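Q: I have a new model open and I'd like to talk it through. Can you help me get started?

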Amino acid sequence: MMTTAPSNIVGFDKFSVEDVRQDFPCLDRIVNSNPLVYFDNAATKQKPRAVLDAMQMFYENHCANVHRSAHTLSNEATAMLEAAREKVRDFINADKQSEIIFTRGTTESINLVANSFGQGFLKPGDEIIISVMEHHSNFVPWQMLRDRMGLNLKMATIAPDGNLDLDHYESLFTEKTRLVALAHVSNSLGTVNDAKKLVQIAHQNGAKILLDGCQAVAHLPVDVKDLECDFYVFSAHKMFGPTGVGVLYGKEDLLDQMPPWQGGGEMIDQVTLEKTTYADLPHKFEAGTPPIAEIIGLGAAVEYLSQFDRVALHEYETYLRDMLIERLSNHPEMAIYGTANNKVSIISFNMGDIHSSDFASIVDKEGIAVRAGHHCNQPLMQHFNIPGMVRASLCFYNTEAEIDRFGQSLETVARLFS
Ligand code: PMP
């Protein structure tokens, strides 16, 4: 097994793959009598021991509810949670901690904006722009809002290489366009959208923009100030943190004007029989007991990722991506979806008319985990006129040797179906 990234990669000496793998206990699993090859990183990343330890440490030593009691454990828990907020703020270069809202994940972050921005800023006849490459999380909430409020939902299309069609996107704006919601990185195609340009076009047309960064944060440095986006959303579990927690970043002046969307404890200032006044940001949007251990785990994930040279990680993942694409391309009946130059290590394909689930089941028998199906992208499948795809998604803890094993499995699948 390769121990360090090859020397032709920029920053190859910045990290050792073998050392990194030691951080992830689950990578040692034997699956169906073979060492696990985990190529389902776009679905969720494996968790480093630092994240597992941080969560365990909270439960073993500091377990209490936050923002409430005056006792020591509660103060410690609150300080740990708020320290995680500061780590996230720094990680995406937001101005203020008040701009970082903890949610249950990307899905809840988008539903929060749909409900709250929808109620506060939209009226019947207003328009929202999304795209054909959006995950259902960035699709269904807008459709629901459209139906509830009588809005118009417009869909930007993509070019054959999987890039967003910028001319088409730009042509969709009218004076009624209020909001745009687009993926920073596509979860099926891996396309990295030119987020700054998307933001500029939205703002030139007087619309606010939400970027779905769920597939971006683990692979690219994200700077919300540089992007100038109004909202940025992501899930902890896609960036080595636990499930059950995510982030909504929003510009403070916007969040301030938006009504709360869930009522309950933690989000109030005063409650009387007549009326309730609300807490300041960020708590106004954090009703109920938060996932405390998970937020602390997210803070640990941010610290874990931040120790690396992100450029070196990206270069290495790109190297593995190209290696895997080369193996796929050796097969004559291979259709690869998403060939944009700027693309993370997410590779979706179909091998002849082999059903994606059959492909995934066969390679699973050899210990290789890939995803099959529509990847919560049914409109994108309709665009390509296919029921599904196989998706291999890579991470910097994957190795050349694993790509070799995947290449051998391709031969197995080809033989079985020949
Ligand atoms: N957007 C994108 C681009 C995603 O890849 C995903 C998860 N696959 C989501 C949104 C939804 O994330 P979650 O299920 O963590 O809320």
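This is a predicted model: local features need pLDDT of at least 70, side-chain atom pairs count only at pLDDT 80 or more; totals for chains, interfaces and linings use all residues.

Q: OK. How many nonpolar, polar and charged residues are in the shell around the ligand?
A: The shell has one nonpolar, eight polar and two charged residues.

Q: Which residues surround the ligand?
A: They are T106, T107, H135, S137, N187, D212, C214, Q215, S235, H237 and K238.

Q: What is 2.7 Å from an oxygen atom of the ligand?
A: An N or O atom in the side chain of Q215. The side chain of H237 also has an N or O atom 2.8 Å from an oxygen atom of the ligand. For K238, a side-chain N or O atom is 2.6 Å from a nitrogen atom of the ligand. The ligand has 400 Å² of accessible area on its own, and the protein covers 86% of that.

Q: Where does the ligand sit?
A: In the largest pocket. That pocket holds about 290 Å³ of space.

Q: How many residues line the largest pocket, and which lie nearest its centre?
A: The lining has 18 residues, and T106, T107, H135, S137 and S235 lie nearest the centre. By class, the lining has five nonpolar, nine polar and four charged residues.

Q: Which helix gives the most to that lining?
A: Helix α4, residues 106–121, with three residues.

Q: New topic: the backbone. What kind of peptide bond joins L281 and P282?
A: A cis one, with omega about 0°. P282 is in the loop between β12 (276–278) and α10 (292–306).

Q: And what is phi of N93?
A: Near 55°, which is positive in a residue other than glycine. N93 is in the loop between α3 (72–91) and β4 (100–103).

Q: Why point those two out?
A: Because most residues other than glycine have a negative phi, and most peptide bonds are trans.

Methods
Residues are numbered from 1 along each chain as its sequence is written. Side-chain values use heavy atoms; hydrogens and water are left out. On a 1 Å grid over the protein atoms alone, a cavity is a set of points where a 1.4 Å probe fits but cannot get out, and a pocket is an open set with protein on both sides within 12 Å along at least five of seven lines; lining residues have an atom within 4 Å of a point. Grid points are joined across faces, edges and corners, and a volume is the space filled by probe spheres set on the points. Helices (H or I, at least four residues) and strands (E, at least two) are DSSP runs, numbered from the N terminus. Ala, Val, Leu, Ile, Met, Phe, Trp, Tyr, Cys and Pro count as nonpolar, Asp, Glu, Lys and Arg as charged, and the others, Gly among them, as polar. A residue is near a molecule or strand if one of its heavy atoms lies within 4 Å of it. A polar contact is a pair of N or O atoms within 3.5 Å; within protein, one must be able to donate a hydrogen and the other to accept it, and residues adjacent in sequence count only if both atoms are side-chain atoms. Accessible areas come from the Shrake-Rupley method with a 1.4 Å probe; for residues, only the protein chains shown count as cover. A molecule sits in a cavity or pocket if more than half of its atoms lie within 2 Å of its grid points.
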